[in-house]
Structures are given as structure tokens and as C-alpha cells.
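Colleague: I'm new to this one. Can you walk me through a few spots?

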Amino acid sequence: MIRINCPFCGMRDHSEFSYGGDATVTYPEMDAPEAEWAEAVYQRTNPRGPHKEYWHHVSGCRAWLIVERNTLTHEMGAVTFAHAGLAKAVEG
Amino acid sequence: MVSRSPLLANYLPNNAMSPAGPMTILIPSSVMERAQMSGYSVWSVLREGLRGQTGWDRAWRDPQPKTEYDVVIIGGGGHGLATAYYLAKNHGVTNVAVVEKGWLGGGNTGRNTTIVRSNYVQPKSTEFYEHSVKLWENLSHDLNYNVMFSQRGQLGLFHTPAARDAQAKRVNTMIANGIDAELLDREQVRAMVPHLDYSENARFPIIGAIYQARAGTARHDAVAWGFARAADQLGVDILQQTEVTGILREGGKAVGVETSRGTIRAKKIGVAVAGSTGHVMGMAGIERLPIESHKLQAFVSEPLKPLLDCVIGYGAPGAHFYISQSDKGGMVFGGDLDFYNSYAQRGNLPIVQEVAESALAIMPCLGRVKLLRHWAGIMDMSMDGTHIMSKTPVENLYLNAGWCYGGFKATPASGWHFADLIANERPDELTAAFSLDRFERGYAIDEKGMGPTPKLH
């Protein structure tokens with residue numbers, strides 16, 4: 001069982017969360033060339049090691065989080081709110 | 001006509017021709033002699049029975065790596081070994097090495113739930129998986145190795161009228177493509193498998209099933225060993241305990257591999273390492289692929305007396321489950337992915353609970369059965385749920401990947417078409433559909449219609 005330290009709720013089992021995928025993906029402008037969109041939609045680095053990823057605390061505070069996790073060892077790193085404003089408010 | 005040893009020729013049925021039609025193969029006479037010497041037959045079993053099992057040869061050689069091969073296949077699972085076998089058998093390319101970092105079939109080949117079927121709906125997938133089932137049907141004879149392919153039939157249960165409509169469409173699509181399929185109602189399913197939960201208050205009421213009689217299971221280890229032995233007899237070098245640590249490139253072309261046993265040069269390199277595709281392709285400078293690695297757990301119970309003589313699967317909101325009984329008696333079953341990227345070949349307890357709940361929802365008689373083992377394998381989950389078999393941006397480097405849940409059943413056809421791609425340096429009409437660039441061209445083959453979210457395929 002992975003445990004995720006939600007910045008709002010504290011340490012919770014991962015079964016309270018829903019996985020949202022690679023958090024390093026950035027989408028291009030709407031009118032960007034198709035190749036850029038194809039890259040963003042389909043291509044992943046899929047690292048064997050440290051991975052930055054989205055988790056939704058769907059059975060908790062319902063916040064989207066950015067979690068650093070090692071995909072080989074499942075070691076957990078930093079957990080922050082995905083929403084930049086929330087993340088800043090918590091830091092402040 | 002396929003050339004075979006006299007011993008094998010007697011042993012093979014007349015319909016042993018491959019589905020792709022007649023072909024000529026080129027095998028050096030010394031190799032054929034060795035093949036004749038160690039062919040398995042009823043007579044060799046009887047002879048060894050009388051001699052105390054002392055006369056068996058090892059099933060394949062343990063050679064030293066040569067400094068150069070025509071083709072190096074990275075990955076000694078079912079797909080890599082099948083590729084090497086068909087390179088030698090179908091294309092006469094015998095100067096081939098299969099490079100495996102662990103032992104044969106120690107990855108996903110030995111970790112799946114061994115189900116073989118061809119109940120697909122997308123045009124190229126139906127063709128591909130049906131070719132695979134046809135190869136399975138003669139595989140034991142072809143390899144002279146009993147892969148224990150058992151066409152015990154597969155039932156895909158459905159629980160709602162909407163699911164019934166979807167499966168009726170699937171049946172029609174399969175029949176239109178020359179694949180056997182039947183739509184069964186509740187009573188027909190009950191007659192076949194009376195010990196499912198048919199009660200009115202079942203969590204997933206069974207209203208019928210899609211049935212493919214030619215589907216079934218095979219012994220996964222035997223598939224790796226059978227392909228390894230048959231490839232070895234055709235001259236292929238199988239290099240176990242040989243980890244690839246780098247892919248050599250010169251002027252944009254792949255020219256060899258660095259391994260834990262030294263440098264091996266190669267005119268062509270095939271990568272068949274599903275689960276670790278991103279890691280290995282990264283060695284060739286290809287850092288991004290339309291694949292995520294996810295883990296999938298599987299389970300086996302203590303051995304039981306005969307309880308289930310077919311494969312059963314079902315998918316419903318909140319549950320996904322498939323089960324069969326091995327020849328040893330263990331109930332072999334599995335469910336969904338763990339749903340997050342992972343390269344860890346180990347599972348976790350929430351999935352154990354989910355799969356157990358799914359099992360009991362449909363087969364309450366399993367309630368007191370003890371679990372013997374559970375384990376995990378790493379799936380290459382592709383962006384459209386379909387595999388990738390393709391040339392790559394690096395010349396002479398070929399990729400076989402992205403099998404999602406479905407790699408085991410594809411093993412023979414995967415080897416067949418990947419060998420064809422490597423030998424002829426161009427995809428055949430079928431393989432062209434599975435190219436790496438299909439996503440950017442807008443030709444994704446999305447069997448389940450889930451879009452570019454790998455964990456949902």
C-alpha cells in the first residue's frame with residue numbers, strides 16, 4: 001500500500017486517491033502545430049525512477065495533488081497541491 | 001512445403017501448414033541432424049522411461065556470445081524467442097542471438113494468466129489475433145514441444161442489456177471476420193457452468209455470455225521453452241544472464257549492444273522487452289514513447305479437484321475479473337491494473353481485496369479456497385490499447401512493445417510478424433497498422449474506445 005501525505009488531510013492510504021497520470025505534461029497553445037499536440041497527448045517519458053504525477057484525493061478533500069514518487073521502489077517524495085494558488089497559500 | 005525431419009513428418013498432421021501458406025526454409029544440414037537427434041516423440045519418452053530418464057539432452061545450448069550476429073533480439077521472453085524462431089524458420093536467418101538479462105520467460109511470459117483468445121473488434125486486431133490462435137492450434141506440433149494449448153473455450157459474461165448489445169455486435173464482427181463466436185443466454189451459460197451466482201440478488205446478475213469455443217489456455221513456461229529449444233535447433237544462440245547495458249549507434253544507425261558479457265555487434269536489433277520498453281529504448285536515445293508502464297497482479301490458489309473446464313471473464317463497472325483452472329488444479333485469476341505507473345514487479349493489498357471481491361461476486365464457491373501465491377508483472381500500456389510493432393527513428397532498430405494485458409495470446413503471431421518486419425526491413429500489410437507513428441497520423445487502434453489514457457485500456 002502506498003501512503004500519500006495529503007497537504008490538507010495528512011497521511012492517507014492510496015486507495016483514497018485516484019491516479020491522474022504524468023504531471024510533467026504541458027499542453028501547447030490551441031493553434032499550435034499538430035505535431036506539438038501529438039507529442040503532448042501521446043508521448044511520455046515513462047521514467048523508471050523518480051516520477052512527478054497527479055493524484056486526486058477523491059475520497060478526501062477532493063484536491064488534485066502533485067506527488068513525487070519513484071516508480072521502481074515506490075519511495076515517496078514531495079506532495080503539493082496541483083493548484084498553484086493553493087500550493088502557495090499552504091507554503092505562505 | 002515445409003521441410004521437416006523424417007521423425008517429425010510422421011508425427012505431424014497433414015494440416016500442419018502455416019496459415020500464411022507454403023514456404024521454403026533454409027536450414028543447414030548439420031542443424032537438421034542435431035534436430036533429428038533430439039526430437040521428442042512417443043518413442044523417445046518410452047525409451048527414456050526404460051533407461052531411467054538418463055539419455056535426455058539439454059533442451060538448448062548455453063553458448064558463448066559471438067562478436068557479431070545478423071540479428072540480435074533483446075528480451076528472452078515468449079515474443080523475443082518466437083521472433084528468433086520465425087526468423088530462422090520462415091526467413092532462413094539463423095545467425096541470431098536472443099539476449100536476456102535474467103532467465104527465459106522470467107518476465108511477463110511467466111507472470112500472465114495464460115489466456116488465449118481472438119475476440120477483438122478492430123479490423124487489424126481481429127486479423128492479427130486470429131492468426132495467432134491459428135498458430136497456437138498447431139504450435140505444439142510445429143515446435144515439437146507440448147505447450148499444453150487447451151481450447152477449453154472462453155465465456156465473457158455480461159450483466160446488463162447494454163453490455164449484451166455490445167457483445168452481440170462483437171459476435172457479429174468476429175463471425176464476419178471468420179472467427180468463431182456465439183452469444184449465449186443465461187440458461188445456456190448455466191448449463192455450461194452451473195456453479196456461478198445466478199441468484200436474483202447477485203451483485204452482477206448473469207444475463208448471458210459471449211462464447212469463443214476455440215479460445216483457451218496454454219502452459220506459459222512451456223511456450224518460452226518450446227520456442228527456445230526450436231530456435232536453438234535452427235542455430236539461434238540464446239544468451240541468458242546477459243544484460244543489455246547500452247545500444248551502440250554509429251551515424252544514426254544501431255550497430256550493436258553493450259552487454260554484461262561484452263560488446264555484441266549486430267546488423268539489426270529487435271527490442272521485445274515489454275514492461276521495460278522505455279528503459280531499453282532510452283539506451284538508443286529514444287526517450288519518449290506512447291507507452292506507460294503499469295503493474296498487473298495475478299493469483300493462483302491451492303490446487304483443487306476439477307472445478308472449471310473453461311475460461312471465464314467479466315467486466316462491469318467496479319469489477320474486472322478472469323479465471324481458469326490450471327492442469328495442476330490451481331485456480332489462476334486476475335483483475336485490473338494497480339492503476340498507477342510502476343516498474344515494481346510486486347503487487348499491493350487493495351488489489352488483492354478487489355480481485356477477491358470480484359471472484360466471489362461471480363463464483364461464491366471460491367470463498368474458502370486458499371490463495372497460494374500472487375505476483376505482479378509490468379505491462380507496457382500503450383496510448384490506444386494496441387501493440388506497437390514497428391521500425392523506429394534509429395535505423396536497424398526494430399520495436400515490439402505495448403502489449404497491454406494481451407501479450408501472451410499474441411506470442412506466436414508477434415514472433416511471426418516481427419520476424420517478417422526485421423527480415424524484410426518493411427512492415428507487411430498487417431504490421432503496418434501497428435506502426436509507432438500511427439498516433440500522430442491519427443490512426444490509433446483503440447479497441448475499447450478509451451482515448452489516450454493508458455491505464456484504461
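Colleague: Which residue stands opposite A:Leu65 in E5(A)?
Modeller: A:Trp55 does. Strands here are DSSP runs of at least two residues (E), helices runs of at least four (H or I), both numbered from the N terminus. Mind that this is a predicted model: local features need pLDDT of at least 70, side-chain atom pairs count only at pLDDT 80 or more, and totals for chains, interfaces and linings use all residues. Residues are numbered from 1 along each chain as its sequence is written, chains are lettered from A and ligands numbered from 1 in the order written, and side-chain values use heavy atoms, without hydrogens and water.

Colleague: How do E4 and E5 of chain A pair?
Modeller: In the antiparallel sense, over seven bridges. E4(A) covers residues 50-56. Two strands count as paired if DSSP finds at least two bridges between them.

Colleague: And what joins E5(A) to E6(A)?
Modeller: Four bridges, again antiparallel. A:Val67 stands opposite A:Val79 there.

Colleague: Why is E5(A) called largely enclosed?
Modeller: Because five of its seven residues are buried. Buried means under 20% relative accessible area, exposed over 50%, partly exposed in between (1.4 Å probe, protein chains only).

Colleague: Which residue does A:Arg69 form a salt bridge with?
Modeller: A:Glu53, with the closest N and O atoms 2.4 Å apart. A:Arg69 is in E5 and A:Glu53 in E4, so the pair ties together parts 16 residues apart in sequence. Both residues are buried. A salt bridge needs a side-chain nitrogen of Lys or Arg within 4 Å of a carboxyl oxygen of Asp or Glu.

Colleague: How many salt bridges over all chains?
Modeller: The search finds 26. One of them pairs A:Glu39 with B:Arg288, at 2.6 Å between the closest N and O atoms. A:Glu39 lies in helix H1 of chain A and B:Arg288 in a loop of chain B, so this pair joins two chains.

Colleague: New topic. How many disulfides?
Modeller: Zero, over all chains. A disulfide would be two cysteine sulfur atoms within 2.5 Å.

Colleague: Last one. Is B:Val42 buried or exposed?
Modeller: Exposed, with a relative accessible area of 52%. B:Val42 lies in helix H3 of chain B, residues 42-50.
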